[in-house]
Amino acid sequence: MFVERDRSAGEGTVQERRDAAQNDKRILGHVVQCDGARATIAAFADDAEGAITGMWTVGKMISINLGPIRTVGLVYAIGKADRHWNPGDQNAIEVSVELIGEVRDSVPPAAPVFDRGVTQYPHIGAVAHRIRSRDLQAVYDLAGRPAVTLGSLSQDETIEARIAIDDTLSRHFAVVGTTGVGKSTAVSLLLRKAIEARPDLRILILDPHNEFASALPEHSYKIDTNSLELPFWLFRLEELAEVLFRGREVVPEEVDVLRDLIPVAKNNYKNAASGGLVRRGQDSMTADLPVPYRIADLIRLIDERMGLLDSKNDRPALKALRTRIESAINDPRYRFMFAARLIEDSIHETIGKIFRVPHGGRPVTCFEMAGLPSEVVNSVCSVLARLAFDLALWSEGKLRLLLMCEEAHRYMPSDSRLGFAPTRHALSRIAKEGRKYGCFLGVVTQRPGELDPTILSQCSTIFAMRLANEQDQAIIRSAIADSSASTLSFLSSMGQREAIAFGDGIATTMRFKFERLTADRIPGAGKHHAADVVSGVGGEVDLAMIVDKLRNHQRPTGPSLAAAEPVEPARQAGDPGYRRAPFPEQSSSQSVQRDDQRSEFRNTGFGQRR
């Protein structure tokens, strides 16, 4: 079944040489078996002089000459039938190849063109050899689509690895890989390339490890636990209940009370002369509308309901709800929600700060969540994902947003009984409908097997780095085309910064290596370097500082954004030259009544159709 030695002495078609200086007696292979997707090539592992060529190796692409058409294949297995090496003599081998597509020369003569799929299958005896660089470039050509370079091909480091940036972003993408393979570095590189190609793009990174701000210092704006201001009235009822019940199962009776009384509290804030009457019709309020209200009003309404004669049976639930609310507003970990001294309609400022409107040369927001209480992370992510979709929807395509979810399996677990349902729904909405309105999703995870399959199936471009878990590998195999399935056999053995990319943003399945970033652009490197400079490697640990953080004693360094200074109508938060007036000091008697004070309400109309 192997080719004869004298048939390997030279090549019949000189045009197949990849290099003019190449030996004219290079060893070729011949097709001895072929089916609809794979072929077997008979060849020799060494040349006529007994020197091992190394041309037939796993992971290399080969070309099968069929005249005007050259069938491209990927070597996924090699071996000797007799499992015996003959020193000093040529050794016949079998090369298993997966067929990928065809390269044909264009007329008039120009760069060759690659097509996926096979229209003319190799015949028995067809000549096979290592692919030429010119043909390899044609395989990964993007046909004129706007592209960025992420690195170089593993097959040939002289050829750039390029992706179609618009298709990658607009149709969502995922970066998967085990811990330590360079996922965060790859994401940092990808974001830099996206900013260069799409300067109008806004990026919100959900950063659970507080590491991306140091990797994108010239492009990013950092929001951490000290600077975060997310007023409680921006939360929908389900999201607020998740905060109040601290991740435990909610009590339906208490949630029903909130659903009834929050609209009354909002109406009291908006229409002080309404006498507590809830309006019906166009101006009616619901518990989910992003309209300010005062916690003091809500507690007062609960007390009033407890005092009614017909609420005797409801008093235990009302007391429990009142206790939950007071516990939340007194918890220092929740000050980002309840720390406002006055309640104002600061939605312009909050959204402008988080989503960079306008971006002022810094289109990236690094939302650092390492210091947030674990029981409110899901609610905060739900609020941000929902607002991102609504902003893109109501901007009518003028606002382009990319939501990057690091450790995405935390927010979107495969088990529907885990996680937080509103967070899952908000992210699923972006995955399913976001591209129509300019809201895109980037997913980063080390456990694709634990990720909601609905989310992963909506990611049209996937960058798969090294994966050791068999379940994770099976998830990725189910997402790739059958004609490239053997490529994923390398998932468990790929090196650092190496990835297999496939999907709409790639011409064909591509194994490549990401560019090497400088040390100051690697996520987390700046944070660790700063810690070493301050304390010295192996230096003394500042236990007092650690205890202060455990007790939430850290205080914001600047003025609070929720401090209820009026917003200028002609200038919104984030505009050039925007400044807030310092908030005057209050006496203790004034601070007791701060929840009862109110600044002028401005109806923003956010989230409402006109």
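These legends describe close-up views of a predicted model.

**View 1**
The whole structure holds 6 aromatic pairs. One of them joins Phe-463 and Phe-514. Their ring centres are 6.4 Å apart, and the planes meet at 45 degrees, so this pair is tilted. Phe-463 is buried, because its relative accessibility is 1% and buried means under 20%. Phe-514 is buried too, at 5%.

**View 2. Phe-514 also pairs with Phe-512.**
Here the geometry is edge-to-face. The centres lie 4.8 Å apart, with 65 degrees between the planes. Phe-512 has a relative accessible area of 0%, so it is buried.

**View 3. Three aromatic residues form a cluster.**
The members are Phe-232, Tyr-293 and Phe-338. Ring pairs link them.

**View 4. Arg-356 sits over a tyrosine ring.**
The charged end of Arg-356 is 4.5 Å from the centre of the Tyr-221 ring. Arg-356 lies in the loop between helix 9 and strand 13. Its relative accessibility is 12%, so Arg-356 counts as buried. The backbone of Arg-356 has a positive phi, near 55 degrees, in a residue other than glycine.

**View 5. A cis peptide bond joins Val-357 and Pro-358.**
Omega is about -10 degrees at this bond. Pro-358 is in the loop between helix 9 (347–354) and strand 13 (364–368). Arg-356 lies in the loop between these elements as well.

**View 6. Arg-38 sits over the ring of Tyr-76.**
The charged end of Arg-38 is 5.5 Å from the ring centre.

**View 7. Arg-83 has a positive phi.**
The angle is near 55 degrees, and the residue is not glycine. Arg-83 is in the loop between strand 4 (69–79) and strand 5 (92–104). At 71% relative accessibility, Arg-83 counts as exposed, because the exposed class starts over 50%.

**View 8. Four residues make a nonpolar surface patch.**
Val-541, Leu-543, Met-545 and Ile-546 form the patch. Its area is about 370 Å². Ile-546 lies in helix 15 (residues 543–550). With 34% relative accessibility, Ile-546 counts as partly exposed.

Notes
Residues are numbered from 1 along each chain as its sequence is written. This is a predicted model: local features need pLDDT of at least 70, side-chain atom pairs count only at pLDDT 80 or more; totals for chains, interfaces and linings use all residues. Side-chain values use heavy atoms; hydrogens and water are left out. Patches are made of residues with over 30% relative accessible area and no salt bridge: like charges are joined within 9 Å, nonpolar side chains (Val, Leu, Ile, Met, Phe, Trp, Tyr) within 5 Å. Accessible areas come from the Shrake-Rupley method with a 1.4 Å probe; for residues, only the protein chains shown count as cover. A salt bridge is a side-chain nitrogen of Lys or Arg within 4 Å of a carboxyl oxygen of Asp or Glu. Helices (H or I, at least four residues) and strands (E, at least two) are DSSP runs, numbered from the N terminus. Buried means under 20% relative accessible area, exposed over 50%, partly exposed in between (1.4 Å probe, protein chains only). Rings of Phe, Tyr and Trp (its six-membered ring) pair if their centres lie within 6.5 Å; planes under 30 degrees apart count as stacked, over 60 as edge-to-face and the rest as tilted. A charge sits over a ring if NZ of Lys or CZ of Arg is within 6 Å of the ring centre and within 35 degrees of the ring normal.
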